[in-house]
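Trainee: Could you take me through this model feature by feature, giving the general idea of each before the particular case?

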Amino acid sequence: MRIFIDADGCPVVKLTITKAMERKIPVTVVKNYAHVIEDDYADIVTVDISNDAADYYIANHIRKDDILITQDYGLAAMALSREAHILNQNGLIIHNGNIMTLLDRRHINQKMRKDKRIYSKIRKRTPEDDGAFVESLKKLIEMEV
């Protein structure tokens with residue numbers, strides 16, 4: 001098992017690495033060169049800044065039973081096809097039973113933003129958000145250990 005982190009804009013990179021270190025699970029952090037992330041434990045992979053470069057790297061390297069941390073439902077769908085386990089930054093476990101709904105919701109929200117200029121407010125991250133994420137991450141790790 002390896003944990004992949006789609007790191008561009010991910011608020012739980014350090015938290016994920018810390019939890020992985022506790023269990024001695026290898027971590028690969030994939031980011032574009034516009035982001036600076038350094039860590040002595042994780043493997044840091046820097047890709048081009050072009051659209052979806054990090055996604056394609058992850059999709060080509062993730063394997064069955066690896067864990068992916070991402071907020072990108074398109075990438076999540078690709079990783080599910082490789083039989084990986086997916087978790088978003090809020091602790092939502094993404095699986096074959098909910099991915100289509102999440103992709104549909106993403107499409108509808110994009111359309112609403114484009115057509116009607118409706119924007120959702122993003123609330124500030126809380127310690128409770130981190131707690132929910134950690135609990136879900138533990139659940140996924142324990143399924144595979």
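This is a predicted model: local features need pLDDT of at least 70, side-chain atom pairs count only at pLDDT 80 or more; totals for chains, interfaces and linings use all residues.

Trainee: Which residues of the largest nonpolar core touch the most other members?

Mentor: A nonpolar core is a set of buried Ala, Val, Leu, Ile, Met, Phe, Trp, Tyr and Cys residues joined through side-chain atoms within 4.5 Å; buried means under 20% relative accessible area, exposed over 50%, and partly exposed in between, with a 1.4 Å probe and protein chains only. Here the largest core has 21 residues, and those touching the most other members are Ile 3, Ile 5, Val 13, Val 27, Val 29, Ile 69 and Leu 137. At least two residues each come from strand S1 (3-6), helix H1 (13-23), strand S2 (27-32), strand S4 (67-69) and helix H5 (127-144), and H5 gives the largest share, 5 residues. Helices (H or I, at least four residues) and strands (E, at least two) are DSSP runs, numbered from the N terminus.

Trainee: Is Val 27 buried or exposed?

Mentor: Val 27, which lies in strand S2, counts as buried because its relative accessibility is 2%. Its C-alpha atom is separated by 8.5 Å from that of Ile 44, 17 residues apart along the chain.

Trainee: In what order do the strands of the sheet follow one another?

Mentor: Two strands pair if DSSP finds at least two bridges between them. In this model 6 strands form an open sheet of mixed pairing, in the order S3-S2-S1-S4-S5-S6. Strand S3 (43-47) and S6 stand at the edges with a single partner strand each, so one side of each has no neighbour in the sheet. Further in, S4 and S5 run parallel and are joined by 3 bridges, with Ile 69 opposite Leu 87 in S5.

Trainee: Where is Gln 89 placed, and which side chain does its own side chain meet in a polar contact?

Mentor: A polar contact is a pair of N or O atoms within 3.5 Å; within protein, one must be able to donate a hydrogen and the other to accept it, and residues adjacent in sequence count only if both atoms are side-chain atoms. Gln 89 is in the loop between strand S5 (85-87) and strand S6 (93-94), and its side chain is joined to that of Gln 71 by a polar contact of 3.3 Å. Gln 89 is buried, with a relative accessible area of 13%.

Note on methods. Residues are numbered from 1 along each chain as its sequence is written. Side-chain values use heavy atoms; hydrogens and water are left out.
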